[in-house]
Amino acid sequence: MSWRNRNHPTFWAFLVHRLSGIALTLFLPFHFWTLGQAIAGEAALDGFLRWAEQPLVKASEVVLVVLLAAHLFGGLRLLALEFLPWRDGQKSLVALGGALSLVVGLAFLLNLA
Amino acid sequence: MPGQVDALTVSVWRGAAAGRYVDYQVPHRTSQTVLDIVTYIQRRLDPTLSYRFSCRVGVCGSCAMTVNGVPRWTCRTHVDRVAKDRKLEIGPLRNLPVIKDLATDMRAFFDKWARAKGQFQPPATPAADFARVDPASAARREADAAIECIGCAVCYSACDVVAWNPDYLGPAALNRAWSLVNDVRDAGGAERLAAVSGDAGCHSCHSHQACAERCPKQLNPTAAIAGLKRATLKAALTGAL
């Protein structure tokens, strides 16, 4: 089946949820490795933190925060869908989750500036 | 020709699992349905074309096909709504074996209704009186919402989980099970919940909601499946499953 059948908001929400989940799974070991640098000594961690000050790394952080927020709100939407009495307007909930994710990303970006 | 506006190029699947799309030129008329197009090809251009239809008015659920990549009931799909640049692509439903051209073998689809215990189960001893069902009760409203299915298999064809796991019961069978779970006269509840809670049952649903998106009757099998997930969880927690 072509992607034409999949072109609807709740499928895109599924895809974002799945891909953000995979991205966060890949990120977590890297995150823990970074924290582990503190055990190796202050200099090692400071060296990494200086590297992380580069603009491209900062931009990646914003993307990561948006993905984390998207995964959080997408997960809450699915939990509500599965465990609470059904409510119509699922596409509105997808839109709300997307909007909140962007707001969180924007707040993080403003905090950086 | 009366009502003719222009010509359409229609690509139609010819063959079984192996086959190819063949182009036909079909007159485009006002208020024309996709089923009208297929019928025109079969009656005027190529009588060997195989397809399935019956009522032509959206009741029987026979004429579903894949139109421009999306499963639809063809008798009530207007060409003007789906044709792009005067082109149409018409294929058989996905997730079902193709017998020939646009006709699919629906046995697996209906067998799954039986596997999901989709038949009404009366109590062992006949009820002494008529069941008094309040139409406004929550359970009856749930059953009413699910009961209008015409068995067209559009949802089954739209579902990616069926494509990934051919054993998955699918939206229509689970929707039917949910209508019976909410029928106070039915006595097959525990058996039915066991039937729909296996690896190929309701918990396999990823909530893509393609079934609800594509259902021509605007039913919501995803809501029914979510209801089954809650009912099976409750039954498991209370030891009933």
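The model is predicted: local features need pLDDT of at least 70, side-chain atom pairs count only at pLDDT 80 or more, and totals for chains, interfaces and linings use all residues. Residues are numbered from 1 along each chain as its sequence is written, and chains are lettered from A and ligands numbered from 1 in the order in which they are written.

Chain B contains 10 helices and seven strands (DSSP runs numbered from the N terminus, H or I of at least four residues for helices and E of at least two for strands). Its C-alpha atoms fill a box of roughly 65 × 35 × 30 Å along the principal axes. Of its 241 residues, 45% are buried, that is, with 20 or more other C-beta atoms, placed from the backbone, within 10 Å of their own.

In chain A, helices α1 (residues 9-40) and α4 (residues 90-112) pack at about 40°, with axes 9 Å apart (axes are lines fitted to C-alpha atoms over the stretch in contact, and angles run from 0 to 180 degrees between N-to-C directions).

The contact of the chains takes 14 residues from chain A and 18 residues from chain B, where contact means C-beta atoms, placed from the backbone, within 7 Å. On the side of chain A, α1 and α3 (55-83) each give two or more residues, and α3(A) gives the most, with four residues.

Technical notes: Buried ≥ 20, exposed ≤ 12 C-beta atoms within 10 Å, placed from the backbone. Contact = placed C-beta atoms within 7 Å.
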